[in-house]
Amino acid sequence: MGQQFEFDLVFGLPRKDLNQDAILDALFEAGCEDAVVGLGARGLVGLAFTRSGDSAEEVIAVATKTAQSALPEGTILIEVK
């Protein structure tokens, strides 16, 4: 199972007027149901994860790819912490 890693991903959306419920649904359906999602700042989506794996790099890379697959085209990763 590996170690537990806690990390946050912050994405910049291509538009600030996107439907928040649709974003939440898409993230859940893509496999980010374990993330705490923050939509407080317009145009940004924050996801807080606690995931297990063999390395932080691997776990973060998989979570990033999963989240980006659910978010609108043009979304960019702007912060990992």
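Biologist: Hello! What is the bridge partner of Phe11 in β3?

Modeller: In β3, Phe11 is bridged to Val45. Bear in mind that this is a predicted model, where local features need pLDDT of at least 70, side-chain atom pairs count only at pLDDT 80 or more, and totals for chains, interfaces and linings use all residues. Residues are numbered from 1 along each chain as its sequence is written, and side-chain values use heavy atoms, with hydrogens and water left out.

Biologist: How do you know that β1 and β3 pair?

Modeller: Two strands pair if DSSP finds at least two bridges between them. β1 and β3 have 10 bridges, in the antiparallel sense, so they meet that definition. Strands here are DSSP runs of E with at least two residues, helices are runs of H or I with at least four, and both are numbered from the N terminus.

Biologist: What makes β2 and β4 edge strands?

Modeller: The open sheet has 4 strands in the order β2-β3-β1-β4, with antiparallel pairing. β2 (36–38) and β4 (76–80) each have a single partner strand, so one side of each is left without a neighbour in the sheet. For β2 that partner is β3 (residues 44–53), joined by 3 bridges; one of the bridged residues is Val36, whose partner in β3 is Ala48. β4 pairs with β1 over 4 bridges, in the antiparallel sense, and Gly12 has Ile76 as its bridge partner in β4.

Biologist: Why is the aromatic pair called stacked?

Modeller: Rings of Phe, Tyr and Trp (its six-membered ring) pair if their centres lie within 6.5 Å; planes under 30 degrees apart count as stacked, over 60 as edge-to-face and the rest as tilted. For Phe7 and Phe49 the centres are 5.2 Å apart and the planes are at 20°, so the pair is stacked. Phe7 lies in strand β1 and Phe49 in strand β3, 42 residues apart.

Biologist: And what makes α1 oblique to α2?

Modeller: The axes of α1 (residues 20–30) and α2 (residues 56–70) come within 8 Å and cross at roughly 135°. That makes α1 oblique to α2: angles under 35 degrees count as roughly parallel, over 145 as roughly antiparallel, 65 to 115 as roughly perpendicular and the rest as oblique. Axes are lines fitted to C-alpha atoms, for helices over the stretch in contact, with angles from 0 to 180 degrees between N-to-C directions.

Biologist: Which residues of α1 and α2 meet there?

Modeller: Ala26, Leu27 and Ala30 in α1 meet Thr66, Ala67, Ser69 and Ala70 in α2, where contact means heavy atoms within 4.5 Å.
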